[in-house]
Amino acid sequence: MSKITTELLLERAVPRSTRLRKIETLNLSKLQLKTGDLDPRLFSRLRHLQKLDLSDNLLDKFPNSLTLPDLRVLNCNNNKLEDVTALKQFPLLEELTYENNVYLTLNDDYKVMFLLQNLRLLNGKDITKLANHVRRVNSRKLTSKVTAHWKKFFRDQLPEKYTAEQVKSIKKKFLKSVQTNVVYGPSSLSEFTRWRVKMIAEEFLAYSLGLELNSDTEPEEKMDENEEESTESPREAAEDVAQVVHIYDPLLTTGAVTVTPSKRKRNHSKSSPGKKRSKSQASTKEEAEDVSAEPLHFLQCHSKGNSREDFKTQLWSCVFEPVLDSGARKDPIVSSSRTVATCGGESVCLIDCETGTVLKKYKVATEEFFSVAWTTLTMVISDSRKKAHNILAAAGRRGIVKLIHVAADFCYGEIKAHKKPIATVCFSPTQETHLFTASYDKRIALWDIGIPDCDYNFKASQLLVLETASIPLRIALVPTCPEQYLLAGCEDGCFAWNIKLDKGQKSRPFEAIFQFPDDESMTTSHRVDGLAFLNDDVVVSKSSKPGCIYLWSWSRSFDAKGKGCQRTMSAVILAELEWSTTDMSYLTLSTCPAKEYVFCGDEKGSVWMYNLSSYTTAWGSAKGKRSECRISPTQILKWPELRVNGEQPPEILVNNVVADPAFTYLVVLTSVNITAIWKKS
């Protein structure tokens with residue numbers, strides 16, 4: 001019988017607790033504990049545990065599935081630990097001590113520095129700079145050496161058409177040879193180097209030869225008994241990816257900016273006869289240096305049933321996690337969050353953009369998720385103490401909003417918001433509990449989601465319903481007055497509503513519809529499938545008019561003093577951006593206001609980037625004139641030539657592309673179940 005019981009955990013909590021879920025600090029030192037005493041089923045109930053003391057016991061390793069999603073501090077001093085790799089199941093760990101474990105060496109220190117991306121203190125020492133060197137410089141050097149070793153000694157040994165037996169044989173020889181011959185760093189780190197070289201070599205073979213990556217982990221216990229809906233632990237999510245889905249290309253890990261564009265048919269593009277391709281569309285080396293960026297990862301983590309053959313799941317929405325003032329995910333090197341939430345198909349994923357690790361994964365078997373949004377709520381956690389936590393809202397085809405407390409790996413509630421699919425959701429920047437949901441039922445609803453108590457009880461209420469003339473596709477709150485006006489791009493135009501809650505009317509028609517140029521005249525009737533604010537005043541919108549993205553002024557277009565509803569107003573156009581001539585819809589755009597960038601993907605897998613910092617000052621003046629010529633993209637990032645199982649993925653559409661607030665990372669969502677992550681150098 002295990003030495004650890006519920007009663008013991010409650011008694012050893014600091015301070016003592018009455019419920020496992022409330023425990024944040026736990027002292028299990030000096031209990032003569034062995035590895036078998038750490039029961040994953042019992043530990044999985046410690047959802048809020050942040051500090052754990054296991055010092056002075058008899059542990060030789062950690063089980064692979066303890067499921068402590070919020071663990072930040074771990075003390076394992078004076079045990080018999082022989083291996084540290086299982087610690088990667090605690091991705092938020094910041095402080096780790098394991099002194100006086102006689103079997104652990106300097107090589108193990110380097111392993112945990114690589115595996116634990118948030119680790120700051122190891123055995124009482126600040127390892128931030130060294131850890132970043134290990135994760136980046138060391139990894140890049142080793143990747144280069146592994147690739148060179150393959151090209152020099154093994155590439156020509158494989159015939160053009162090879163059998164499974166030939167692949168198995170060359171894999172065995174390559175792994176043995178590369179671990180023996182690739183040397184880097186001091187001899188005291190030779191074990192760590194061999195460990196990393198094997199890992200890199202297996203990833204390389206998985207890409208080059210279509211081999212499955214090895215997984216020597218134990219099977220996970222499910223956290224939720226409901227088969228239709230489950231939240232996966234970081235470890236489970238990582239295993240999903242490791243089965244296949246991390247698409248590896250050696251060129252993409254060596255810092256190369258210019259990559260080979262893949263060849264594909266142009267079924268959906270309409271090009272004018274004799275029209276020359278602009279300079280901005282050429283993928284030249286000179287152009288690539290305009291915005292130095294390198295592709296880091298290509299992930300296939302939304303596969304239905306974790307199938308490596310799934311290139312049909314569409315990916316729709318991604319949003320970077322807000323940085324909490326005391327949050328563990330705040331990287332000292334990166335000024336903004338590097339964790340992004342993505343959705344598509346039956347799942348929502350949280351991805352660390354730097355490492356490509358899928359930190360968490362949430363599934364609903366009967367859902368297709370279309371949109372995600374973050375908010376930060378100040379919640380009462382225990383003993384009446386308050387703490388800020390990030391909450392993720394996810395919605396889609398079923399018309400239901402799921403509310404997920406990410407740090408606790410817990411979907412604590414849902415709102416049955418609409419009877420038809422929800423196209424997009426967004427939170428108010430000023431009222432953290434206010435959530436807008438835009439649905440195919442031609443309504444935009446405003447909800448107060450409430451704040452959950454320590455037992456996750458909450459009460460949601462509908463505050464407002466905005467009636468639309470057609471299906472709303474994109475919504476944006478006006479930055480200068482986010483509590484008064486909302487803008488929506490719909491199937492049949494661009495509309496604005498007064499959302500001020502002190503008005504008595506709960507159900508409201510639109511207040512204004514905007515006209516845009518259409519050849520020689522102005523029209524209100526057009527699909528607006530891209531909408532975002534570049535700054536406090538400049539709106540960026542993409543319509544069904546091929547090859548064009550409009551920039552226009554909110555303050556000069558909207559007459560706030562006018563009376564009455566459903567007024568028609570002409571959008572005051574500031575400029576047009578040159579874009580693809582495709583007539584394909586729903587390839588949406590985004591902005592990075594801090595860097596004054598606009599991003600939009602196209603039907604060929606490319607990302608069009610526009611640096612508008614040299615224009616915004618002129619547009620901001622009272623008499624700012626419209627730019628005479630269309631503004632060409634600063635750069636077009638071409639989709640690289642990737643091969644999965646030896647074959648190119650099918651035709652790639654970029655459904656969405658989003659940068660973090662500091663424009664360090666660029667996340668690209670596609671129509672073929674691939675998430676691409678680029679990093680600005």
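Visitor: Which residues do ring pairs link into a cluster?
Guide: Tyr485, Phe514, Phe516, Tyr550, Trp552, Trp554 and Phe558. Rings of Phe, Tyr and Trp (its six-membered ring) pair if their centres lie within 6.5 Å; planes under 30 degrees apart are stacked, over 60 edge-to-face, the rest tilted.

Visitor: What are the ground rules here?
Guide: This is a predicted model, where local features need pLDDT of at least 70 and side-chain atom pairs count only at pLDDT 80 or more, while totals for chains, interfaces and linings use all residues. Residues are numbered from 1 along each chain as its sequence is written, and side-chain values use heavy atoms, without hydrogens and water.

Visitor: How many aromatic pairs by this rule?
Guide: The count is 28 aromatic pairs.

Visitor: Why is Phe114 with Trp195 edge-to-face?
Guide: Their planes are at 85 degrees, so the pair is edge-to-face, with ring centres 6.0 Å apart. Phe114 is in helix α3 (residues 106-115) and Trp195 in helix α6 (residues 190-209), 81 residues apart. Helices are DSSP runs of H or I, at least four residues, numbered from the N terminus.

Visitor: Is Phe114 buried or exposed?
Guide: Buried, at 16% relative accessibility. Buried means under 20% relative accessible area (1.4 Å probe, protein chains only). Trp195 is also buried, at 18%.

Visitor: New topic: charges. What lies over the face of Phe114?
Guide: Arg196, at 3.9 Å from the ring centre. A charge sits over a ring if NZ of Lys or CZ of Arg is within 6 Å of the ring centre and within 35 degrees of the ring normal.

Visitor: And which ring does the charged end of Arg21 sit over?
Guide: The ring of Phe410, 4.8 Å from its centre.

Technical notes: Helix = DSSP H or I, 4+ residues; strand = E, 2+ residues; numbered from the N terminus. Buried < 20%, exposed > 50% of the residue type's maximum accessible area, 1.4 Å probe, protein only.
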